[in-house]
Every structure is written in structure tokens, then in C-alpha cells.
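Trainee: I'm new to this one. Could you walk me through how to read it?
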Amino acid sequence: MKKTTFILAALLSAACISAQETLTLEQCREMALKYNKEMAAAARQTESARYTAKSYKGNFFPNFSLSGTGIYSTSDGSLGIAGGNLPTFLPDATGQFLPNKGFAYFPGIDLNYKIGMVYMGGIQVEQPLYMGGKIRAAYKMSLLGKEMAQLSETLTASEVIVKTEQAYAQVIKAKEMKKVADKYSAVLTELMKNVESAHKHGLKPQNDVLKVQVKLNESELNIRKADNALRLATMNLCHYIGKPLTADIRTADTFPEVAQDIRLQTADISARPEYAILNQQVAIAKQQVKLNRSELLPKIGVKGSYDYIHGLEISDQDLFDGGSFSVLLNVSVPLFHFGANSNKVRAAKAKLEQARLEQENMNEQMLLELAQSVNNLDEARLESTIAERSLQQAEENMRVSRSQYDVGLETLSDHLEAQALWQQAYETKVDACFRLYLNYITYLKATGTLLK
């Protein structure tokens, strides 16, 4: 019966392990870039900027339009002039016109009109020839906006990668902390067995049993905390890679490697997307000055159309019934607007200077951030080395303490303290490895080489 139960338990354990999905760091990065909601929003922003640039490009080309108008009116009327003999005039020797007593017959006019149905339609084409540089400046601004959107998408990608790698490392740290808690509990359990056995034989007092039991209770709580931390860290990783929060996934058991031969740099931030975005903002401010200055310059445009008109009856005949071509050349020269347009130019120049100052300020901040990341990475390397050395020393101290305790040369309290120091050194080593990797990722982001 016990053998059958063991086989069933082994099969169930294997089924649970196979149901879990093991993900590497590279897979998590790819999934984050593909499924993360922040990346999806950044991609939509880039798409919008691309269509905006295409929209402004269309201003260079003719604009064709089709129009039609119709009107119906019951208005009508007539115009009549009576006929008769009209006197005639001839010039005299001085050039003055005088009546010559002659007459000419005028038959008179009798016109009847009604509006009725009048309709017209035509096709027009408009082409701007010179708009003071307004169209070109607006188009360049849209291109710069598109490039900024692409850079912003790259920046979002780097931020998502940083968060994803931090979440991945957090899962590994939680797993390591769980191992520490389990190992510490196993050490205490073994010690508890030895102390209880010694107490039964009268070699140890009841107080020693209670001391170990207190430590076991603490280790039980630490195991529960480690389990909860691991579950929460896994949910956080699922959030960044687009998985359901309850998905059962697994990660690697060790922290990703940190390059040891990397040459730290402290003065080059040109590869960062933020640096390029600031340059684009200054370039857009320059084009805004040109755009506002175009309001002070002449504008020239040409318009051509073909129109057809039908309607307006006069004496039972249509006055209009045919098409015609027409061309219009328009020249507009601004003269005086009480400073409205010139002040716009001054405001744009002030914005340009503001953008330049902000660029200098942000560049200095990024240099400081880079220097800080270099210092943090250097300190984290040293901290990791010291933590590894301290763990080895704590293990040796626990081994010596155990030997002395077994032969009665050390008290139980001192032995428990040695075990606690070992646990603390182990946790410090795990935390140091975790921070070393986080500082490494932060340094790569500060140099703009995270996505390379």
C-alpha cells in the first residue's frame, strides 16, 4: 500500500512539474516587448505620429475637390419697355450732336423671367506655391515628431526590459530565500532530534528543548513568508510578460551572469534614447520659430476650376447652360497686425531657448545618473564578494560550533547563534547577488546599451 501511494505521489508531482512553464530571461524579455501594455500603447503612439507625418506631406500636393449647388425658387417677373419712334442726332461742324428731325423706330422690349431650378457643379484644384515656409516647417515638425515617437517607443522598451529583468531577478531571489529558509529549518530539525534524544537520556535539560523549539517556530514563519514572497514575485513577473497573474511559471535557479570584464564609462550618454529625444525637442522648437515667422511673409496660391451652370429662364430660354474654365492667382501680403504675428515669433524663440536650457539640464542629470550607476555597480561587486566570503566563514563557524557543541565545549545558545549567523550570512549573500544584477541592469540603461 505504501509503495502504491509513493508511486501515485511521484506521478502527481511529475504532472505538476510538466504543467509548469519554465521561462528563460530572454523569453521573458521577448514576451514583455510583445505583450506588455505599455509597449502596445507606445506602438500606437508611433503609428499615430507616422500617419500625422503623411498627412502633413500631403500639403505639398494639389487639393482636388468637387462641389455642387442647387436652388429652386418660384420667383418670376417681367421687364417691358414700350416701342416707338426715337429721334436721331447728327454732329455739327463743332462736333456737337444735334437733332436732325429724323426718326428711328424702336420695337420695344418685353422680357419675362422666372428662377425655377438653378443648379451648378464643378471640380476645383488648389495648389499652394509659396506659404512663407509654413508647409515645409510643419512637415519637418511632423517628421521630427515621428522620430520622437520612435525614440519614445525605444525608451519605453528599455524601461519595460528593466522592470521585467528586475521582476525575473526578484523571483530568483524569492526562490533562493525559500531555499535558505528550508535549509535552516532542516538544520534546526536535526538539532531538535539530537536535543530531544539527549533530554530523554538525561543529558540535556528541558530548557534546551524549548530553546530549539522556539527557533523552529520562527523558521516555520520564515518559510511561510518565503512562500508568499515567491508567489507574489511570480505574479509580478506574469504582469510584465503579459501572462495571467495566476499562471504557473518557473524561472532559472540562479541569477543571470554579470559581465566581469565590462569597461565602465562615465561620460558618454549619447546612446540613450532620452538624449536623442532632447535633441529632437530642440529641433522641433526651431521649426516652430519658422512656422510662426511664415505668418509675416507673403503667400501665393493658384486655383483652377471647371464649372457647369444651368438655369434662370428668360423668355422661355435658359440664360445659363454650359461649362467654363477659370484660373485664379491669389497673392496675400501681410501688412500690419498690431504685433500679433511678430509676438508669436518672439514667443517661439523664447520656447526654443527654454528647450535648450532644459536639454543642458537633463544632460547633466543623465551624466550624474551614469556616474551614480557606475559607483553603485562597483560597490555591489565588492559587496557580493564580501558576502560570499562571509558565507564561507559562517559555514565554517557553524561547523566548528557543531563539533564543540557535540563534545560539550559550547552551550546550546552559542550554537544556535552560530546557526543564526549562518542563516543571516546566506540571506545577505542572496540579497547582494540580487542587488549586483539590478545595479548592472541600471548601469546598462544609464549608458543606453540595454537593448543592444
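This is a predicted model: local features need pLDDT of at least 70, side-chain atom pairs count only at pLDDT 80 or more; totals for chains, interfaces and linings use all residues.

Trainee: Is N292 buried or exposed?

Mentor: The cut-off for buried is under 20% relative accessible area. N292 has 14%, so it is buried.

Trainee: Which residues does N292 touch, leaving aside its neighbours within four places in sequence?

Mentor: They are K344, V345 and A348. The N292 side chain also reaches the backbone oxygen of K344, at 3.2 Å.

Trainee: And where is E274?

Mentor: E274 also belongs to helix 6, which covers residues 273-293. At a relative accessible area of 16%, E274 is buried. Its side chain makes a polar contact with the side chain of R272, at 2.8 Å. Setting aside neighbours within four places in sequence, E274 is in contact with L155, M366 and K445.

Trainee: How do I read two helices packed together?

Mentor: Two packed helices are described by the angle between their axes and the distance between those axes. Here helix 4 (residues 134-200) and helix 8 pack at about 170°, with axes 10 Å apart. That angle is over 145 degrees, so helix 4 is roughly antiparallel to helix 8. The residues of their contact divide into 19 nonpolar, six polar and eight charged.

Trainee: What span should helix 8 have?

Mentor: At 1.5 Å a residue, its 36 residues (412-447) should span 52 Å, and the end C-alpha atoms are 52 Å apart, which agrees. Just after helix 8, G448 takes a positive phi of about 80°.

How values were computed
Residues are numbered from 1 along each chain as its sequence is written. Side-chain values use heavy atoms; hydrogens and water are left out. Helices (H or I, at least four residues) and strands (E, at least two) are DSSP runs, numbered from the N terminus. Buried means under 20% relative accessible area, exposed over 50%, partly exposed in between (1.4 Å probe, protein chains only). A polar contact is a pair of N or O atoms within 3.5 Å; within protein, one must be able to donate a hydrogen and the other to accept it, and residues adjacent in sequence count only if both atoms are side-chain atoms. Contact means heavy atoms within 4.5 Å. The expected span of a helix is 1.5 Å times one less than its number of residues. Axes are lines fitted to C-alpha atoms, for helices over the stretch in contact, and angles run from 0 to 180 degrees between N-to-C directions. Angles under 35 degrees count as roughly parallel, over 145 as roughly antiparallel, 65 to 115 as roughly perpendicular and the rest as oblique. Ala, Val, Leu, Ile, Met, Phe, Trp, Tyr, Cys and Pro count as nonpolar, Asp, Glu, Lys and Arg as charged, and the others, Gly among them, as polar.
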